[in-house]
Protein chains: 2
Amino acid sequence: MSIENDVKALRTGGQHGYLRIATEEAFAPPEMIRMYRRMIRNGEIKDPGFLSLWGFYAFSKSPRAKFIFDSLQDLGEKRLADMDERGIDKQIIALTSPGTQILKRDQAVALAELANDQLAEACRKYPDRFAGMAACAPQDGKAAAKEIERGVSKLGFNSVIINSHTNGHYLDEPQFWPILEAAEALDVPIYIHPNTPPKAMIKPMLDAGLDGAIYGFGVETSLHALRLITRGVLDRFPKLQIIIGHMGEALPFWQYRIDYMHAATVRSKRYDVMLPLQRKPSEYLRENYYMTNSGVAWEPAIKFTQATVGVDRVVYAMDYPYQCDPEEVVALDAMKMSAATKKKFFQTNAEKLFKLKKKK
Amino acid sequence: MSIENDVKALRTGGQHGYLRIATEEAFAPPEMIRMYRRMIRNGEIKDPGFLSLWGFYAFSKSPRAKFIFDSLQDLGEKRLADMDERGIDKQIIALTSPGTQILKRDQAVALAELANDQLAEACRKYPDRFAGMAACAPQDGKAAAKEIERGVSKLGFNSVIINSHTNGHYLDEPQFWPILEAAEALDVPIYIHPNTPPKAMIKPMLDAGLDGAIYGFGVETSLHALRLITRGVLDRFPKLQIIIGHMGEALPFWQYRIDYMHAATVRSKRYDVMLPLQRKPSEYLRENYYMTNSGVAWEPAIKFTQATVGVDRVVYAMDYPYQCDPEEVVALDAMKMSAATKKKFFQTNAEKLFKLKKKK
């Protein structure tokens, strides 16, 4: 059978043995897009990564940018049709990067509320097809914790989206601990989605056009995830669960080296900021992290992560609308993997992680 | 049998079916160490990565730093004894990072010559145990090409060491092309060894003590290797062979995403600096790159790279004296892998890559 026929045969409904639940899917309130466009035009935001990313998505006339621009803003029929065409039963939807995190405090707090209200409404309208992550404004840790609480208890979200750094700051810093505390107390995972690297890091990548999803995203997000481990934050919040995409942003592949060098560095007391941990870094990866394959529809990397991190922690994601070729769904359907493991990957790991069964 | 007994049983000589040729092994002329210490003390060098790395190795009293400090400066009996103890038949030795690349032009040119002369002398003295890489001063591309020519034709080296960026500049920039041209013309590979990230990139890593081998090294070097691909340099020098360590600095794991995003980005014309290439990025990885497992004595990552890049391109390295536990040799000896593939890994890939058979 040709790939064209395989693509045509994609169906929702689970007749092939599992539902496909895509867990790193993006949306943007039209109000946010308008604000981004205005702020880029009037020079209000100077962050080079933001200008590179949204200068492209908000203004490029390329088919890629236009598809993304349109699709991000839809939480209705267009999105459902795209899901049907790709065989996606359910999307876990989050405010796209950088969301609130490029804005001033008051704007950010207001945008988080607006985004959460819009997303919650769509989830109420299509409860079988959509679930959502709570957005917040990390610029104000206490307000963010409050909005997460509202998102979970009032709006029915079961996870939190953080679009990596906030103006060059990372979740291991104490001003963000109310967010971690709230997520742990409410028993909801935090998805750390990529952002372009901050100004203090981006230049050698931006100079070569490597600041975005091709490379800079992965560097930025793996650094963030690693800082949460090595700065001891997961010893302070040991039940906290973090989700990272793009097949764990390559951290599964780095496990051995990170463990070795962490132990050697701690023993030598090289840094005041690197103290002993309760576990090996790789143990946090296996016990506090879930990893989705967004952007990585590639059997070898998925299986490597299943083998070294755990089959219960590797979760399907599509990355709609940034990367959503139906051919990738066909390729993943065809992975040589036991039916039980494939069902965990596509369906049941996500159902447990996002508590999908308890709702509705 | 216990691991202690396995370690005691480590032997050179190949009775177990292969010689162990370690290919990312470091040395430092005592003159360079003295210069580094002086320049750190008198504040002459301000690069934060250098101060973090060599502030530690040149001054720390920790057992780790002292072992490295002493071992780097030895090209004789101590090194041979350490090799014997670890079952290493041969080291391919290179000027340690950042070598010349932190210095002013004239200092750098002089240090490259001095380092090459010292290393060549040791290789002449112990031709069965040592081979060397030619150092150079990338600050002056033409002088560097000349020194590489001298290293290969007069001193018997069959490869070139570049310790990643030179003051924040990368080999894809035209001022360095004489180096690439010389290496291609002389048919010798260039080993891109990590350096700490440049000032324009290091801050969020340094703040958390993640600027070195635990994380920053890999980011810095994979960026460098990726720039050589995406900037089109390997279309200009298509026969050039590059070696990267630390199991390919995770680029094998990123292959799928890099290919996908490169194609999407080129199609959308997002960057003037990202133009179409003659091949997919992953094809350059399989055709222009060799990858050593320095610092990664871990069967899953080695096998992943063998499977996705090629068994002829994955080469053993120890990373002496930075990481040289005999237990790691035992673990690698025990990998479940065909005898033929294991011999390629430990011995014959390196013999071909570094033309070891033709010498002596």
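Q: Where in chain A is A:P98 placed?
A: A:P98 is in the loop between β2 (90-95) and α6 (105-125) of chain A. Helices (H or I, at least four residues) and strands (E, at least two) are DSSP runs, numbered from the N terminus. This is a predicted model, in which local features need pLDDT of at least 70 and side-chain atom pairs count only at pLDDT 80 or more, while totals for chains, interfaces and linings use all residues. Residues are numbered from 1 along each chain as its sequence is written, chains are lettered from A and ligands numbered from 1 in the order in which they are written, and side-chain values use heavy atoms, with hydrogens and water left out.

Q: What is the omega of the peptide bond from A:S97 to A:P98?
A: Omega is near -5 degrees, and the bond is cis. In chain B, the bond joining B:S97 and B:P98 is also cis, with omega about -5 degrees. B:P98 lies in the loop between β2 (90-95) and α6 (105-125) of chain B.

Q: Why is B:I40 called buried?
A: Buried means under 20% relative accessible area, exposed over 50%, and partly exposed in between (1.4 Å probe, protein chains only). B:I40 has 19% relative accessibility, so B:I40 counts as buried. B:I40 sits in helix α2 (residues 30-41) of chain B.

Q: Which residues does B:I40 touch, not counting residues up to four places away in sequence?
A: They are B:F50, B:L51, B:W54, B:G55 and B:F59. Contact means heavy atoms within 4.5 Å. The C-alpha atoms of B:I40 and B:A58, which are 18 residues apart along the chain, are separated by 9.1 Å.

Q: Why does B:D319 count as buried?
A: The relative accessible area of B:D319 is 5%, so B:D319 is buried. B:D319 is in the loop between β8 (314-315) and α16 (326-333) of chain B. Its phi is near 85 degrees, a positive value in a residue other than glycine.

Q: What is the phi of A:D187?
A: A:D187 has a positive phi of about 60 degrees, although A:D187 is not a glycine. The residue is found in the loop between α8 (177-186) and β5 (190-192) of chain A.

Q: Which residues of helix α15 (residues 299-308) of chain A are buried?
A: They are A:A301, A:I302, A:F304, A:T305, A:Q306 and A:T308. After α15(A) comes A:G310, with a positive phi near 135 degrees.

Q: How do you know whether the radius of gyration of chain A agrees with that of a compact globule?
A: The radius is taken over C-alpha atoms, and the globule rule is 2.2 Å times the number of residues to the power 0.38. For 360 residues a compact globule would have a radius near 21 Å; chain A has 19 Å, which agrees. Buried residues make up 68% of the 360 residues in chain A.

Q: What relates chain A to chain B?
A: Copies are superposed by least squares on the C-alpha atoms of residues with pLDDT of at least 70 in both. A rotation of 180 degrees with 0.0 Å of shift along its axis superposes chain A on chain B (RMSD 0.0 Å). That is the relation of a two-fold axis. In chain A, the C-alpha nearest the axis belongs to A:M201, 1.8 Å from it.
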